[in-house]
Amino acid sequence: MESRPVVDMACGVVMATFGCTPEDAWDILVAISQHAHVKLRKVAEAVTATATGQSMPAELQEHLVKAVQAWRADRDHT
């Protein structure tokens with residue numbers, strides 16, 4: 001439960017950045033976590049840090065790009 005606020009903030013950052021729904025933002029964060037083998041809380045911390053001008057680790061950035069591309073492709077085909 002301690003990680004919920006940072007995950008919620010990360011969802012907000014993803015929603016604001018990519019114009020997606022809360023459910024889509026959650027799915028994107030989970031995809032990054034699963035493919036990068038990084039705990040969701042750590043992914044959320046990295047995403048929220050970008051809102052303050054910090055850079056995301058390169059590996060997570062790559063997974064973010066792939067997750068957003070997959071989300072957009074799925075959205076465009078439905």
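**Entry 1: terms and model**

I take buried to mean under 20% relative accessible area, exposed to mean over 50%, and partly exposed to mean in between. I apply this to Asp8: its relative accessibility is 39%, so Asp8 counts as partly exposed. I note that the model is predicted.

I looked up the confidence before anything else. The protein has an average pLDDT of 94, and 97% of the residues score at least 70. I compared the elements too: confidence is lowest in H4, with a mean of 94, and highest in H2, at 97.

**Entry 2: salt bridges**

How many salt bridges does a search of the whole structure find? I count four.

The side chain of Asp8 forms a salt bridge with that of Arg4, at 3.2 Å from N to O. I find both residues in helix H1, which covers residues 4-18. Asp8 and Arg4 are four residues apart there, about one turn of the helix. I checked the accessibility of Arg4 as well: at 42% it counts as partly exposed.

Next I turned to helix H3, residues 40-50. Arg41 is in a salt bridge with Glu45, and their closest N and O atoms are 3.3 Å apart. Why are Arg41 and Glu45 separated by about one helical turn? They are four residues apart in helix H3, so about one turn separates them.

Glu45 has another partner. Its side chain meets that of Lys42 in a salt bridge of 3.8 Å, N to O. Glu45 and Lys42 are three residues apart in H3, again about one turn of the helix. I therefore record Arg41, Lys42 and Glu45 as linked in a network of salt bridges.

I looked up the accessibility of the network. Arg41 is partly exposed at 34%, Glu45 is partly exposed at 32%, and Lys42 is partly exposed at 42%.

**Entry 3: helix H4**

I checked the length of helix H4, which runs over residues 58-76. At 1.5 Å a residue, its 19 residues should span 27 Å. I find its end C-alpha atoms 27 Å apart, which agrees.

Which residues of H4 are buried? I list Leu60, His63, Leu64, Ala67, Val68 and Trp71. These cover an arc of only 135° around the axis, so they are on the same side of H4. On the other side of H4 I find Ala58, Lys66, Gln69 and Asp76 exposed.

I then asked what the buried residues of H4 pack against. They pack against H1, H3 and helix H2, residues 22-36.

**Entry 4: the nonpolar core**

I looked for the largest nonpolar core and found that it has 23 residues. Those with the most contacts inside it are Val14, Ile28, Leu29, Ile32, Val47 and Leu60. The elements that give two or more residues to this core are H1, H2, H3 and H4.

Leaving aside neighbours within four places in sequence, Ile32 is in contact with His37, Val43, Leu60, His63, Leu64 and Ala67.

Is Ala10 buried or exposed? At 0% relative accessibility it counts as buried. Ala10 lies in helix H1. Not counting residues up to four places away in sequence, Ala10 touches Leu29, Ala44, Val47 and Thr48. I also noted that Ala10 and Ala49 are 39 residues apart in sequence and 8.9 Å apart in space, C-alpha to C-alpha.

Ser33 lies in helix H2. At 12% relative accessibility, Ser33 counts as buried. With residues up to four places away in sequence left out, Ser33 touches Val38, Lys39, Leu40 and Val43.

**Entry 5: His37**

Where does His37 lie? I find it in the loop between H2 and H3. With a relative accessible area of 74%, His37 is exposed. I looked up its backbone too: phi of His37 is near 60°, a positive value in a residue other than glycine. In general, most residues other than glycine have a negative phi.

Technical notes:
Residues are numbered from 1 along each chain as its sequence is written. This is a predicted model: local features need pLDDT of at least 70, side-chain atom pairs count only at pLDDT 80 or more; totals for chains, interfaces and linings use all residues. Side-chain values use heavy atoms; hydrogens and water are left out. Buried means under 20% relative accessible area, exposed over 50%, partly exposed in between (1.4 Å probe, protein chains only). The expected span of a helix is 1.5 Å times one less than its number of residues. The arc is that of the directions from the helix axis to the C-beta atoms. Contact means heavy atoms within 4.5 Å. pLDDT is the predictor's confidence in each residue, from 0 to 100. A nonpolar core is a set of buried Ala, Val, Leu, Ile, Met, Phe, Trp, Tyr and Cys residues joined through side-chain atoms within 4.5 Å.
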